[in-house]
Amino acid sequence: MSILTILEFPDKRLRTKAKEVTVFDDKTKILVSDMIETMYESKGVGLAATQIDVHQRVIVLDVSEEKNEPFCLINPVIIQKDGEEESEEGCLSVPGFFENIKRAEHIKVKAFDKDGKVFELDAKGLLSICIQHEMDHLLGKLFVDYLSPLKRQRIKTKLVKIHKQEGKQTK
């Protein structure tokens, strides 16, 4: 297993729309394992393949207290949603920034597991928020896109400055 590099805003690769996974093989299983390891190493609760510059519809999550219940959603589709709640979100691709975002309170998702087996999942609370957040990444969307243009620009400016100080190249 490998720790992968997480792209950071304003990297343009984060805006790439992910393609559906059509083959479920050992490469898929390795990708999922590497993503889970990367998510844990980065202290996140979710990670989308887009964030590691792999443009496939794969997300991994673990919202458990002990961080010992990881799972993946491949080619996820929200088939039902209702309610609305606002909560503070952060993102591994926008490190150090947290903002209140409105999302559906309850969702039902249809997806595949790493073996290509289809399943449905009812999600509420943090799990619902996390799934919606990660699914946005698969569409090339970030949580900062829900903010005002002024707030988004301030975050971008601060991150670009931090990247320059750390010698990071942003594409």
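Trainee: How many helices and strands make up the secondary structure of the protein?

Mentor: Remember this is a predicted model, where local features need pLDDT of at least 70, side-chain atom pairs count only at pLDDT 80 or more, and totals for chains, interfaces and linings use all residues. Residues are numbered from 1 along each chain as its sequence is written, and side-chain values use heavy atoms, with hydrogens and water left out. Helices (H or I, at least four residues) and strands (E, at least two) are DSSP runs, numbered from the N terminus. The protein comes to three helices and seven strands.

Trainee: What is the radius of gyration of the protein?

Mentor: That's taken over C-alpha atoms, and the globule rule is 2.2 Å times the number of residues to the power 0.38. For 171 residues the rule gives 16 Å, and the protein comes close to that, so it is as compact as a globular protein of that length. The radius of gyration is 16 Å.

Trainee: Which are the edge strands of the open sheet of five strands?

Mentor: Two strands pair if DSSP finds at least two bridges between them. The order is E1-E2-E3-E6-E7, with antiparallel pairing. Those that pair on one side only are E1 (46-48) and E7 (118-124).

Trainee: Which residue in E3 is the bridge partner of Ile 59?

Mentor: E2 (residues 58-61) and E3 (residues 71-82) run antiparallel, joined by four bridges. In E3, Ile 59 is partnered by Leu 73.

Trainee: What angle does helix H1 make with E2?

Mentor: H1 (residues 26-41) packs on the sheet, touching E1, E2 and E3, where contact means heavy atoms within 4.5 Å. Axes are lines fitted to C-alpha atoms, for helices over the stretch in contact, and angles run from 0 to 180 degrees between N-to-C directions. The angle is about 45°.

Trainee: How many residues of H2 are buried?

Mentor: Buried means under 20% relative accessible area, against over 50% for exposed and in between for partly exposed (1.4 Å probe, protein chains only). H2 spans residues 125-138, and it is largely enclosed by the rest of the structure, because of its 14 residues the buried ones number 12.

How values were computed. The expected span of a helix is 1.5 Å times one less than its number of residues.
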